[in-house]
Amino acid sequence: MSLFKRNLIILLVLFVLSTGKMLGQKASGIEGYVRDSIGKPISSVHIILANTNLGATSNDSGFYKLPVPSGKNFNVLFSCVGYQTAQTFVAMKPGELLRINMNLKIDVKNIQEVSVTSDADRASSISRLSIKDFHQIPNPGGGIEGLIK
């Protein structure tokens, strides 16, 4: 048997063995819903595995799905503007799908006044927003656009 044929056979055997191992592995992941303290779904929440570049974002129903490496431990961070960041620890087993539902608490910040400016005409574009008006903003993540319209 020539050296080329022998190396080719070894290469094919290694390929088949490695492919079989990869096909036998089940994907691991976490999924669930993110809601506020009264159970209302929160969209655009960032769900991140700490110290990795893996993450996902919740949809309009608050649902997220995040594939994660098997057999590792992670801190999962949940963050969204207007809410306190939450985290939980997970230990993933091969092929495991964990359901993690998270409730985020509103992050209240005390501010005195908000000024909105525009580059169009600086002399007439400054608007002052009183504390009373600020408390009427529709959602904790912002919503100042509703007052400007």
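Leaving aside its neighbours within four places in sequence, which residues is Val45 in contact with? The views below start from that residue in a predicted model, in which local features need pLDDT of at least 70, side-chain atom pairs count only at pLDDT 80 or more, and totals for chains, interfaces and linings use all residues. Residues are numbered from 1 along each chain as its sequence is written, and side-chain values use heavy atoms, with hydrogens and water left out.

**View A. Val45 and the largest nonpolar core.** With neighbours within four places in sequence left aside, Val45 is in contact with Val34, Ala56, Thr57, Ser58, Phe78, Ser79, Cys80 and Leu104, where contact means heavy atoms within 4.5 Å. The largest nonpolar core has 21 residues, and Ile30, Val45, Phe78 and Leu104 are those with the most contacts inside it; such a core is a set of buried Ala, Val, Leu, Ile, Met, Phe, Trp, Tyr and Cys residues joined through side-chain atoms within 4.5 Å. At least two residues of this core come from each of strands S1 (28-36), S2 (46-49), S4 (63-68), S5 (73-79), S6 (86-91) and S8 (102-104), strands being DSSP runs (E, at least two residues) numbered from the N terminus.

View B. Ser28, found in strand S1, is buried, with a relative accessible area of 5% (buried means under 20% relative accessible area, with a 1.4 Å probe and protein chains only). Its side chain is joined to that of Ser70 by a polar contact of 2.6 Å, a term for a pair of N or O atoms within 3.5 Å, of which, within protein, one must be able to donate a hydrogen and the other to accept it, while residues adjacent in sequence count only if both atoms are side-chain atoms. A polar atom of the Ser28 side chain also lies 3.1 Å from the backbone oxygen of Lys93.

**View C. Glu31 in strand S1.** Glu31 lies in strand S1 and counts as buried because its relative accessibility is 12%. Apart from neighbours within four places in sequence, Glu31 is in contact with Phe63, Tyr64, Lys65, Leu97, Leu98, Arg99 and Ile100.

**View D. Asp36 without a salt bridge.** Asp36, placed in strand S1, is buried yet has no salt bridge, and the nearest side chain of opposite charge, Lys40, is 5.7 Å away. A salt bridge is a side-chain nitrogen of Lys or Arg within 4 Å of a carboxyl oxygen of Asp or Glu. A polar atom of the Asp36 side chain lies 2.8 Å from the backbone nitrogen of Lys40.

Definitions and conventions. Buried < 20%, exposed > 50% of the residue type's maximum accessible area, 1.4 Å probe, protein only. Helix = DSSP H or I, 4+ residues; strand = E, 2+ residues; numbered from the N terminus. Lys, Arg positive; Asp, Glu negative; His and termini not counted.
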